Amino acid sequence: MAKLTVYFKYKAIDSYLFENKVVHIGRDETNDIKIDSLAVAPAHAVIVIKDKCLIKQLNDDYPLIINGQKTKESILNNSDTITIGKHDIVFNDSDPSINQIEEALDFKDNMPVASTIDEHHDEHIPAASLQVMNGDNIGKVVSLKRAMTRLGNIGNGILVITKRKDGYFVSALENNGTLLINNNPLNESYLKLQQNDVLSINNTALQFFLH
């Protein structure tokens, strides 16, 4: 079974479950996943869901991007991000478990990065990390090396940390009330992270620090 969640500006707007099916994606009403945007072709892409899931571009004038890379055809892996026009579609080959802390700390760096940072200025941005402050993984440190890092799981809440020229910013991608910053609710607005800020996701605390 494949789960496809459609995001616009990092906010989930639709979710679909498919099993052993050819899934058509595009602007036209006949598509299984219809995205109403002029940046999307009437027939943009198709996903063939079998033992492995294969996605194919259908229109050369409308790019298909997987994890920030243009492609015409690709095998999809769990948590891959498909970018079509201004929308993102996150692919999951099954619903992730939400019962293990290891999965609650599942960092993803495969979100689109094209508009988040100027690579020529990357060397001027201080390195940063998150350190787990409680639970079985206390002390674990994860470096924020990529332009965009996603933390969390569907059901537990998902937040995104974006690396920009002027610092690191956090926002809620999917919030079920468990996302906090310094014990205050984290909303969809981007907030600049400050030294020693504490993020909380599903009762797991992570402290942000610059190197």
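Here is a short walk through one loop and a few ring interactions. The model is predicted, so local features need pLDDT of at least 70 and side-chain atom pairs count only at pLDDT 80 or more, while totals for chains, interfaces and linings use all residues. Residues are numbered from 1 along each chain as its sequence is written, and side-chain values use heavy atoms, with hydrogens and water left out.

Let's start with Ser 37, found in the loop between β4 (33-34) and β5 (45-49); strands are DSSP runs of E, at least two residues, numbered from the N terminus. Ser 37 has a relative accessible area of 13% and is therefore buried (under 20%, with a 1.4 Å probe and protein chains only). Its side chain reaches the backbone nitrogen of Ala 39 at 3.2 Å. Leaving aside residues up to four places away in sequence, Ser 37 touches Arg 27 and His 87, where contact means heavy atoms within 4.5 Å.

His 44 also has its place in the loop between β4 and β5. With a relative accessible area of 0%, His 44 is buried. Beyond residues up to four places away in sequence, His 44 touches, among others, Ala 39, Tyr 62 and Gly 85. His 44 and Gly 85 are 41 residues apart in sequence, yet 9.4 Å apart in space, C-alpha to C-alpha.

Now for the rings. There are two aromatic pairs, counted for Phe, Tyr and Trp (its six-membered ring) when ring centres lie within 6.5 Å. One of them joins Tyr 16 and Phe 18, 6.0 Å centre to centre with 10° between the planes, which is stacked (planes under 30 degrees apart). Phe 18 is buried at 10% relative accessibility.

Finally, the charged end of Arg 164 sits over the ring of Phe 169, 6.0 Å from its centre (CZ of Arg within 6 Å of the ring centre and within 35 degrees of the ring normal). Arg 164 also lies over the face of Tyr 190, at 5.2 Å from the ring centre.

How values were computed
Helices (H or I, at least four residues) and strands (E, at least two) are DSSP runs, numbered from the N terminus. Buried means under 20% relative accessible area, exposed over 50%, partly exposed in between (1.4 Å probe, protein chains only). A polar contact is a pair of N or O atoms within 3.5 Å; within protein, one must be able to donate a hydrogen and the other to accept it, and residues adjacent in sequence count only if both atoms are side-chain atoms. Rings of Phe, Tyr and Trp (its six-membered ring) pair if their centres lie within 6.5 Å; planes under 30 degrees apart count as stacked, over 60 as edge-to-face and the rest as tilted.
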